[in-house]
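Reader: I have a chain open here and would like to go through it with you. Could you take my questions one at a time?

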Amino acid sequence: MLAAVDHVQLAAPAGSEDALRAYYVDVLGMTEIPKPPALAARGGCWFRSGPVQLHLGIEPDFRPARKAHPGLRVTGITAYATRLSSRGASVTWDDNLPGHRRFYSDDPVGNRLECLDPVT
C-alpha cells in the first residue's frame, strides 16, 4: 500500500545547479539538502520545504516537459505568488480547477511547477 510521496524528481541540464539553487532556495524558499556522496558525483541538487522534497537530476539531453509537473500545495497562495513574482519568477494564474486557487511557475530550466491552495 502506498503511504506517501517521498520526493519528486525533475530533470535539468548539466551546469544548471547555481541557477536552480537561486530559484528553489531564494525564490521558492526551500532549503538545499545534501545528496549522498555516490549520487552527488552525478551533479544536480536536492531541496526540501517541510515534508516536500524536490530532486533535480542532470539529464544529458535535457528538454523540459511541456505538461508534466509536480503539484505543490501552498498556504497563503496570493502572498506566495507575490513572493515569486517580486523575485523575477513567472506566475501564471489558472482558474480551471474547481475548488482551488492555483498558478504555474517555470524554474530557470523550464520545469513547470503548479502551486495550488484548496478553497474552503
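Reader: In what order do the elements of the protein chain run from the N terminus on?

Author: Starting at the N terminus, the order is β-α-β-α-β-β-β-α-β-β-β, where helices (H or I, at least four residues) and strands (E, at least two) are DSSP runs, numbered from the N terminus. This is a predicted model, in which local features need pLDDT of at least 70 and side-chain atom pairs count only at pLDDT 80 or more, while totals for chains, interfaces and linings use all residues. Residues are numbered from 1 along each chain as its sequence is written, and side-chain values use heavy atoms, with hydrogens and water left out.

Reader: Switching to helix H3, which of its residues are buried?

Author: In H3, which covers residues 77-86, Ile-77, Tyr-80, Ala-81 and Leu-84 are buried, and buried here means under 20% relative accessible area, with exposed over 50% and partly exposed in between (1.4 Å probe, protein chains only). Those residues cover an arc of only 100 degrees around the axis, which puts them on the same side of H3; the arc is that of the directions from the helix axis to the C-beta atoms. On the other side of H3, Ala-79 and Ser-86 are exposed.

Reader: What covers the buried residues of H3?

Author: The cover includes helix H1 (17-27) together with strands E6 (92-94), E7 (100-106) and E8 (112-118).

Reader: Now Arg-102, is that one buried or exposed?

Author: Arg-102, which lies in strand E7, counts as buried because its relative accessibility is 11%.

Reader: Which side chains does Arg-102 have polar contacts with?

Author: A polar contact (a pair of N or O atoms within 3.5 Å; within protein, one must be able to donate a hydrogen and the other to accept it, and residues adjacent in sequence count only if both atoms are side-chain atoms) of 2.8 Å joins the side chains of Arg-102 and Asp-94, and another, of 3.1 Å, joins those of Arg-102 and Tyr-104. Leaving aside residues up to four places away in sequence, Arg-102 also touches (heavy atoms within 4.5 Å) several residues, including Ile-77, Trp-93 and Glu-114.
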